[in-house]
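Please read it alongside the sequence and the 3D view.

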Amino acid sequence: TLNAAQAYLVNDLYLKYIRPDTKGKKLSIVNYITGITIVLISIFIGILIKNIDSILKWIVNALWASYIASNVLKWYWWRFNGKGYFWGMVTGLVPAMVFARFVPDKYMLYLFPVILIISLAGSLLGTLLSPATEEKTLIGFYKSVRPWGFWKPIHEKVISLYPDFRKNTDFKRDMFNILVGIIWQTALVALPIYVVLLKHTYWAVALAIIIICSIILKKTWWDRLSD
């Protein structure tokens, strides 16, 4: 999360709008300052939080709902653009912040679909009311990433330019890898928690799951990246 926030601030804001020519040592300094600032702000917010349970309920039930639409559409719909991503995030974050202020923690779960629908509407409106991404960018992305989803117009243009191109037909394998990856990542989070709590049986099971999932992903994902 720290790396993502730092990348957004430095690459998407600082380098794009403030100092596009920043390079080398100066850019490294900006990265360090940004990272330290984010950590300090996070610590301050942590001091103000009542307890872990309350903030996790907000993150899982409200905050996640606010960016699911944007982060799904960006992979599977060719027409989705930066404006759609921005407005999807904003229209989801604003009600999430409002609900966090006025709605009791125990009711946050029930607001998940509400925030998701609002964010989805913002994503669609932001996209359809703004120009599409440049065709050259879409073609380059589709050709290198080969996403599955609603990419037919771009697929046809890629085929016309590169007749030997083959679209992604590994939907089942991809979904299997996602399932294994979710289990793997969950075990990675659980392992250090059980170690700290001295739950020896539990952390041993988590470690075993991590090893098994790593072996599976090595064979079904990593070894096939060159394809």
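Ile 36 is exposed, with 53% relative accessible area; exposed means over 50%, buried under 20%, and partly exposed in between (1.4 Å probe, protein chains only). The model is predicted: local features need pLDDT of at least 70, side-chain atom pairs count only at pLDDT 80 or more, and totals for chains, interfaces and linings use all residues. Residues are numbered from 1 along each chain as its sequence is written, and side-chain values use heavy atoms, with hydrogens and water left out.

**Surface patch**

- Ile 36 sits in helix α2; helices are DSSP runs of H or I with at least four residues, numbered from the N terminus.
- A nonpolar surface patch is formed by Leu 2, Tyr 32, Ile 36, Val 39, Leu 40, Ile 41, Ile 43, Phe 44, Ile 45, Ile 47 and Leu 48.
- Together these residues have about 1,100 Å² of accessible area, computed by the Shrake-Rupley method with a 1.4 Å probe, where only the protein chains shown count as cover for residues.
- Patch members have over 30% relative accessible area and no salt bridge; nonpolar side chains (Val, Leu, Ile, Met, Phe, Trp, Tyr) are joined within 5 Å, and like charges within 9 Å.
- Helix α2 (residues 24-48) supplies the largest share of the patch, 10 residues.

**Nonpolar cores**

- A nonpolar core is a set of buried Ala, Val, Leu, Ile, Met, Phe, Trp, Tyr and Cys residues joined through side-chain atoms within 4.5 Å.
- Which residues make up the largest nonpolar core? There are 8 of them: Trp 58, Ala 62, Ala 65, Ala 96, Phe 99, Met 108, Leu 111 and Ile 115.
- Helices α3 and α4 (82-102) each supply at least two residues of this core.
- Helix α3 gives the most to this core, 3 residues.
- Another core of 7 residues lies apart from it, with Leu 138, Trp 151, Ile 154 and Val 158 among them.
- Ala 96 touches Trp 58, Ala 62 and Ile 115, leaving out residues up to four places away in sequence; contact means heavy atoms within 4.5 Å.

- Ser 66 lies in helix α3 (residues 52-76).
- Ser 66 counts as buried because its relative accessibility is 0%.
- Ser 66 touches Gly 88, Met 89, Gly 92, Leu 93, Ile 115 and Ser 119, not counting residues up to four places away in sequence.
- Val 196 belongs to helix α8 (residues 171-196) and is exposed at 66% relative accessibility.
- Val 196 and Gly 88 are 108 residues apart in sequence; C-alpha to C-alpha, they are 38 Å apart in space.

**Salt bridges**

- The structure holds 3 salt bridges, each a side-chain nitrogen of Lys or Arg within 4 Å of a carboxyl oxygen of Asp or Glu.
- Glu 135 pairs with Lys 157, with the closest N and O atoms 3.3 Å apart.
- Glu 135 is in helix α6 (residues 135-145) and Lys 157 in helix α7 (residues 152-161), so the pair ties together parts that are 22 residues apart in sequence.
- Glu 135 is partly exposed at 41% relative accessibility, and Lys 157 is partly exposed at 33%.
- Arg 173 forms a salt bridge with Asp 170, with the closest N and O atoms 3.3 Å apart.
- Arg 173 is partly exposed at 24%, and Asp 170 is partly exposed at 24%.
- Lys 218 forms a salt bridge with Asp 223, with the closest N and O atoms 2.7 Å apart.
- Lys 218 is partly exposed at 39%, and Asp 223 is partly exposed at 39%.
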